[in-house]
Amino acid sequence: MANAQEEIKRKEIGSSTQLPLVTINILSFNRATELRNTLRHIFAQSYKNIEVIVVDNASSDNTVEIVSQEYPAVKLIPRTKNVGISGWNDGFRIAHGDYILVLDDDSYPECNSIVTGVKTMMQFPEVGIISYNIFSTLLKRSETSKFRSENPFLFQGCGALFRKETIFRVGYYDELFFIYYNEIDYTIRCYEQQIRVRYLDECRIIHTQTPLARTSGPNGDPYTSETAYRHYFIGHLIFLVKHFDTAFALTFGLKWILNRMIILFKYRYFQAFFSVLVQLPRVVLAASKKRKPVRRSIQKYYAYGNKPLVDRFFYPNFRKPFA
């Protein structure tokens, strides 16, 4: 009886006309099976006042056909070129919702995550982004376990709820980031405009991360793959040049290059390392055109862009990293 009452209450919450329209903005690339699973869960969750957009980043599989044939209500934006994370901007541009849930093609919200996120933002108008607890089925743990509501300068791009007004004020994702680091770039831009990010540990986004869906590192962790190594390498340098005073950007940029060199001793990602060095002049020039250092108080929160010399993702057993 109790379960039946809970189900009735859940449906009432999800279908309430008092709750605003939420746009679900999904970026997809060559994960047709995962996307089908994501869409199935989206339409089964409790919040019903939604519109769904899928931006396809020039997939070579049958993603476009699946969305068109099986989910005709979904707004499909097929791109002819894979532009990485900035593909989400296409969805931002046409979104009608007061709130926009950003998802990967292999991530979906648990039943009440959307309604809780919306109600939290309605309660706290200073919050511009809800950062969700991202649970990886591949790693069998939360990817955001170190996030806390009292330390809320972070969100993960495969599951975050944006207030539409935040997009108007802060702008879109920076196309200089192909993958990774777009989140930290966006949060520092939010805090420069005194827009807050709030982490909801009790609300989960399930990140399926099937082994066949992405390249993994030697230990099976996608965040230690050669792809992740390359893009984090580039991303942090762009982040430094854009947002930090020259002395910090130069000092901690050189330290970051040493950080990446140390990883070579164990992982031997020589091709990725040298390809980034070749791109470095072009990357720095492009980032410098968007350069606008944030307030010193915000630079301080981000440790002025400083990172430990030894990366604990790649050397998890290293006990005493240099500060």
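1. Basis. The model is predicted, so local features are taken only at pLDDT of at least 70 and side-chain atom pairs only at pLDDT 80 or more, while totals for chains, interfaces and linings use all residues. Residues are numbered from 1 along each chain as its sequence is written, and side-chain values use heavy atoms, with hydrogens and water left out.

2. Salt bridges, total. The structure holds 15 salt bridges, a salt bridge being a side-chain nitrogen of Lys or Arg within 4 Å of a carboxyl oxygen of Asp or Glu. Helices and strands named below are DSSP runs numbered from the N terminus (helices H or I, at least four residues; strands E, at least two).

3. D105 and R31. D105 forms a salt bridge with R31, with 2.8 Å between the closest N and O atoms. The two residues are 74 apart and belong to distant parts of the chain: D105 is in the loop between strand 4 (99-104) and strand 5 (107-109), and R31 is in the loop between strand 1 (22-28) and helix 2 (32-44). Both D105 and R31 are buried. Here buried means under 20% relative accessible area, exposed over 50%, and partly exposed in between (1.4 Å probe, protein chains only).

4. R79 and D90. A salt bridge joins the side chains of R79 and D90, at 2.7 Å from N to O. R79 is in the loop between strand 3 (75-78) and helix 4 (88-94), D90 is in helix 4, and the two are 11 residues apart. R79 is partly exposed at 25% relative accessibility, whereas D90 is buried at 14%.

5. K242 and D185. In this salt bridge the closest N and O atoms of K242 and D185 are 2.9 Å apart. K242 counts as buried because its relative accessibility is 5%, and D185 is buried at 1%. Both residues are also members of a salt-bridge network that links D174, E175, D185, R189, K242 and K290.

6. Aromatic pairs, total. A pair of aromatic rings is described by the distance of the centres and the angle of the planes. Rings of Phe, Tyr and Trp (its six-membered ring) pair if their centres lie within 6.5 Å; planes under 30 degrees apart count as stacked, over 60 as edge-to-face and the rest as tilted. By this rule there are 24 aromatic pairs.

7. F43 and Y71. This pair is stacked, with 5.8 Å centre to centre and 10° between the planes. F43 is in helix 2, and Y71 is in the loop between helix 3 (63-70) and strand 3, 28 residues apart. F43 is partly exposed at 35% relative accessibility, while Y71 is buried at 17%.

8. F92 and F162. The rings of F92 and F162 form a tilted pair, 5.6 Å centre to centre and with 55° between the planes. F92 lies in helix 4 and F162 in strand 8 (residues 159-163), so the pair ties together parts 70 residues apart in sequence. F92 is buried at 4% relative accessible area, and F162 is buried at 0%. F92 and F162 also belong to one aromatic cluster with W88, F155, Y172, Y173 and Y186.

9. Charges over rings. A charge sits over a ring if NZ of Lys or CZ of Arg is within 6 Å of the ring centre and within 35 degrees of the ring normal. The charged end of R198 is placed over the ring of F124, 4.4 Å from its centre. R204 lies over the face of F135, 4.7 Å from the ring centre.

10. Helix 2 and helix 3. These helices pack at about 30°, and their axes are 9 Å apart. Axes are lines fitted to C-alpha atoms, for helices over the stretch in contact, and angles run from 0 to 180 degrees between N-to-C directions. The angle makes helix 2 roughly parallel to helix 3, as angles under 35 degrees count as roughly parallel, over 145 as roughly antiparallel, 65 to 115 as roughly perpendicular and the rest as oblique.

11. Positive phi. A58, a residue other than glycine, has a positive phi near 60°. A58 is in the loop between strand 2 (50-56) and helix 3 and is partly exposed at 26%. Phi of Q194, again not a glycine, is also positive and near 60°. Q194 is in the loop between helix 7 and strand 9 (196-207), and at 63% relative accessibility Q194 counts as exposed.
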